[in-house]
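Keep the structure open while reading.

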Amino acid sequence: MDHTYRRNIRMRDLEETADLPEQEQAVALVARCYGLDPDVVRDMDVVEFKVCMDEVMVRNGLNTGD
């Protein structure tokens, strides 16, 4: 995995993804934060996606401590 974290979630990201199902919202946010096409994110294996999603959560103060 050689994806680079590029930016944090913006308010607009949350507004634009608010009506998506939870899994698609997660895909969209990972894609935006890493500068990837959502299809690339959908094609990630589960472990790779979880690592990326965890990074998004931590960097944006959304870590629930799970």
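The largest nonpolar core has 15 residues, and those touching the most other members are Val30, Cys33, Tyr34, Val41, Phe49, Met53 and Val56. A nonpolar core is a set of buried Ala, Val, Leu, Ile, Met, Phe, Trp, Tyr and Cys residues joined through side-chain atoms within 4.5 Å. Helices α2 and α4 (46–59) each give this core at least two residues. The largest share, seven residues, comes from α2. Helices here are DSSP runs of H or I with at least four residues, strands are E runs of at least two, and both are numbered from the N terminus. In soluble globular proteins, nonpolar side chains tend to be buried together.

This is a predicted model: local features need pLDDT of at least 70, side-chain atom pairs count only at pLDDT 80 or more, and totals for chains, interfaces and linings use all residues. Residues are numbered from 1 along each chain as its sequence is written, and side-chain values use heavy atoms, with hydrogens and water left out.

Methionine 53 is in contact (heavy atoms within 4.5 Å) with Ala26 and Val30, leaving aside neighbours within four places in sequence.

Burial is set by relative accessible area: under 20% is buried, over 50% exposed, and in between partly exposed (1.4 Å probe, protein chains only).

| Residue | Relative accessibility | Class |
|---|---|---|
| Tyrosine 5 | 13% | buried |
| Threonine 17 | 1% | buried |
| Cysteine 33 | 0% | buried |
| Tyrosine 34 | 6% | buried |
| Cysteine 52 | 0% | buried |

How many disulfides are there? With the rule of two cysteine sulfur atoms within 2.5 Å, the count is zero. Cysteine 33 is in no disulfide; its nearest cysteine sulfur belongs to cysteine 52, 10 Å away. That distance is too far for a bond.

The structure has one aromatic pair. Tyrosine 5 and tyrosine 34 have ring centres 5.4 Å apart and planes at 80 degrees, so the pair is edge-to-face. Rings of Phe, Tyr and Trp (its six-membered ring) pair when their centres lie within 6.5 Å; planes under 30 degrees apart are stacked, over 60 edge-to-face, and the rest tilted. The pair links distant parts of the chain, 29 residues apart: tyrosine 5 sits in the segment before α1, tyrosine 34 in helix α2 (residues 22–34).

Threonine 17 belongs to helix α1 (residues 11–17). A polar atom of its side chain lies 2.8 Å from the backbone oxygen of aspartate 13. Not counting residues up to four places away in sequence, threonine 17 touches Gln25, Ala28, Leu29 and Arg32.

Terms used: A polar contact is a pair of N or O atoms within 3.5 Å; within protein, one must be able to donate a hydrogen and the other to accept it, and residues adjacent in sequence count only if both atoms are side-chain atoms.
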